[in-house]
Amino acid sequence: MNSEARVLYEDLKVHLGKVVPDIELFYKAEIAVEINRLKKERDALILGHNYMEPVLFYSIPDFKGDSLDLSRKAAQTNHSVVVFCGVKFMAETAKILNPTKTVLLPSEKAGCSLAASITAEDVRDLRRKYPGVPVVSYVNTYADVKAESDICCTSSNAIAVVESLNSETVIFLPDQYLAANVARETGKHIIFPSLLSAAPAGETLLDVQMIGWHGRCEVHEKFTVEDIQAVRQQFPDVVVLTHPECSPEVVAASDFSGSTNAMIKFVRESNGPRYLVLTECAMGDNIAAANPDKDMLRLCMVRCPHMNTITMENVRDALVYNRYVIDVPETTRTRAYNAVKRMIEIG
Ligand code: SF4
């Protein structure tokens, strides 16, 4: 191990010694040094989503955060290459904001169950069925769906985006649970035409305020109220945090619900004796590493199979072999850009 890798290994050990086995830190510190060298050679910016595995998360990204943070950073960069350690819809968003840059996604398998749940044709069908109703698409959608939308949102600004439209009725896609949680917060009620074989008799726009879709995150849908009850029984003083992609019942049974960044901030700024964070498992590890004085409980049966395909090895290979290049057709990109830009302006 050279001296640069040794310094990085010692640093990782301080932050991650309780979370990651020593042999893994040792091995990955050497790859991180190689990546950091390639990053300079290629004039690359590395963005790391909160769901990345701990060693990657704490060693190579120039910026870390949730989808909204990373979209903003992607929009501001002067680097000629952006490597997105996240999933495809995020890398596409970076490309939408930076058409002249090379955007690389290290794994071809980094998809998303939510993004895959809806197509551009589905959105056009809904627009035909509900003419004039504005379409809000969660940022967890592919570029062609964004292009059919009026505005995008993330879990951290979904309520502000819906309220900004000043519309009696909103089409909110594609996350069924996020839509239900936003409807509860904004006082709107919701129907899911995609779950109905036929529209209910007498349905009109006047009694529909929010129109949803049947998409779900395959990670967050797994958490149950029974999980929370079982943990509370064992640890009555636990503070339970949930992501709004969990079901409304699970959100209601928790003490706090918010985006990944909001959960990180909540743990950092509060003094609970122990926390249970119901979201992607690697993020629980990353919060534990950032708050060594706090007791973090985790239900680690759930890792996102898509985020999990991003590894130190394939980030290095992305820079060596210039792969996998993300392209968005220009006509799709310009239409999607308007929806993403409106989202970023809302903050
Ligand atoms: S955690 Fe859920 S929403 Fe996020 S990429 Fe994985 S499947 Fe998609």
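Proline 174 is placed in the loop that runs between strand 7 (170-173) and helix 9 (176-186). The structure is a predicted model, and the peptide bond leading from leucine 173 into proline 174 is cis in it, with omega near -10°.

**Backbone geometry in the loops**

- A cis peptide bond also links arginine 323 to tyrosine 324, and its omega is about -5°.
- Tyrosine 324 belongs to the loop between helix 14 and helix 15 (330-346).
- Aspartate 43 has a phi near 50°, which is a positive value in a residue other than glycine.
- The position of aspartate 43 is the loop between helix 2 and strand 1 (44-49).

**Packing of helix 2 with helix 1**

- Helix 1 (residues 3-16) and helix 2 have axes that come within 8 Å and cross at roughly 135°.
- Because of this angle, helix 1 counts as oblique to helix 2.
- Helix 1 and helix 2 form a right-handed crossing.

**Packing of helix 2 with helix 14**

- Helix 2 (residues 22-41) packs with helix 14 (residues 312-321) at an angle of about 20°, and their axes lie 10 Å apart.
- Angles under 35 degrees count as roughly parallel, so helix 2 is roughly parallel to helix 14.
- The crossing in which helix 2 passes helix 14 is left-handed.

**The ligand and its surroundings**

- The ligand takes up the space of the largest cavity.
- Which residues are around the ligand? They are Tyr51, Val87, Cys112, Ser113, Leu114, Asn140, Cys217, Val219, Glu245, Cys304, His306 and Met307.
- In the shell around the ligand, eight residues are nonpolar, three are polar and one is charged.

**Points to locate in the model**

- For the cis peptide bonds, the reader may look at the step from leucine 173 to proline 174 and at the step from arginine 323 to tyrosine 324.

Technical notes
Residues numbered from 1 in each chain as written. Predicted model: local features only at pLDDT ≥ 70, side-chain atom pairs only at ≥ 80, totals over all residues. Heavy atoms only, no water. Near = heavy atom within 4 Å. 1 Å grid on protein atoms, 1.4 Å probe; cavity = no way out; pocket = protein on both sides within 12 Å on 5 of 7 lines; lining within 4 Å. Sits in = over half its atoms within 2 Å of the grid points. Nonpolar A, V, L, I, M, F, W, Y, C, P; charged D, E, K, R; others polar. Axes fitted to C-alpha atoms, helices over the stretch in contact; angles between N-to-C directions. Helix = DSSP H or I, 4+ residues; strand = E, 2+ residues; numbered from the N terminus. Parallel < 35°, antiparallel > 145°, perpendicular 65-115°, else oblique. Left-handed = near helix turned anticlockwise from the far one by under 90°.
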